[in-house]
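Me: I would like to learn how to read a structure like this one, feature by feature. Could you take me through it slowly?

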Amino acid sequence: PACGVNLPHIIEGVKVYNNIVKNSGWEAIQVGSAPKGAEVFNNRIENYGVKNVKYQKNGVQFGEGAPGKFYGNYINGGKGIALFLLSNAENLVHDNVIVNPGEDGIFCDERTATGSGFKFINNTIINPGTNGIRIYAEMVPMNVVLNNIIVNPGSYSTYKYPRTGNDAYVYLLGKTVKVQMSNNHFTRNIGDLKFVNATAFNYALGSGSPAINKGSNIAPYNILLDFVQNPRLKGASYDIGAYEY
């Protein structure tokens, strides 16, 4: 058009928090054109994307121009990907509980944008329909996957050589994706974790859980609180998953 390309206005410091979103037709929450200070936290999302519209059925989406933080959120049930991160490899995702997403628990793709890398720390992902975390960010210096619990990804039994079932926990686009990955707990048997009450969606760590004190040191990331806002470090070492025991 004669007026040229019109871009949306920029919002800095946007915060989306303390919302309950149930049975949304498309995405429950979407953030875009927020190049500085975006945070999405302490939200509860259930049964997102009920209209099952292609590309519009994810739980939460960070679009182009929206690097930010995603923490303390609970997502249970939905058609597509629970958390979709697009184009900005500066997102920090920590201390979220994601249960029964229809597709990936988390999917990120840097596309044309650059950044230091996506960071996924101390999340608990239960029964994702396909993969736990899928990373299509091969152009950034280093992605980080630390202290996450991923249980029973749906794609585990579907991958053929040269891939294996273990790719369903953290699926990398290819060998060029650089990732620091350590101290995660991957299992197909939810009973292994000794959660307080998994049948009631309580994924706090019970006594004797193998995730207690087995996390890597995340002090450099300045994460001070867990999913329920308890102090993140209790005891000798950090725990794995969204709850500090």
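Me: Where is the place of Lys-175?

Reply: Lys-175 sits in the loop between β18 and β19, where strands (E, at least two residues) and helices (H or I, at least four) are DSSP runs numbered from the N terminus. Before going further, note that this is a predicted model, in which local features need pLDDT of at least 70 and side-chain atom pairs count only at pLDDT 80 or more, while totals for chains, interfaces and linings use all residues. Residues are numbered from 1 along each chain as its sequence is written, and side-chain values use heavy atoms, with hydrogens and water left out.

Me: Is Lys-175 buried or exposed?

Reply: The general idea is a pair of cut-offs on relative accessible area: buried is under 20%, exposed is over 50%, and partly exposed lies in between (1.4 Å probe, protein chains only). Lys-175 has a relative accessible area of 88%, so this residue is exposed.

Me: Which residues have the most contacts inside the largest nonpolar core?

Reply: In soluble globular proteins, nonpolar side chains tend to be buried together. A nonpolar core is a set of buried Ala, Val, Leu, Ile, Met, Phe, Trp, Tyr and Cys residues joined through side-chain atoms within 4.5 Å. Here the largest has 35 residues, and Phe-120, Ile-133 and Ile-135 have the most contacts inside it. Strands that each supply at least two residues of this core include β3 (29–31), β12 (106–109) and β15 (133–136). Apart from it lies another core, of 17 residues, among them Tyr-74 and Tyr-203. Leaving aside neighbours within four places in sequence, Ile-133 is in contact with residues including Ile-106, Phe-120, Val-145 and Tyr-171.

Me: Which residues does Ser-216 touch?

Reply: Ser-216 is found in the segment after β22 (202–205), and counts as buried because its relative accessibility is 12%. Not counting residues up to four places away in sequence, Ser-216 touches Leu-146, Asn-147, Ser-182, Asn-183 and Tyr-238.

Me: What should I look for in the backbone angles?

Reply: Asn-183 lies in the loop between β19 (179–182) and β20 (185–187), and is partly exposed because its relative accessible area is 33%. Asp-95, also not a glycine, has a positive phi of about 60 degrees and lies in the loop between β10 (92–94) and β11 (97–101); at 1% relative accessibility, Asp-95 counts as buried. Turning to omega, the peptide bond from Tyr-161 to Pro-162 is cis, with omega near 10 degrees, and Pro-162 is found in the loop between β17 (149–151) and β18.

Technical notes:
Contact = heavy atoms within 4.5 Å.
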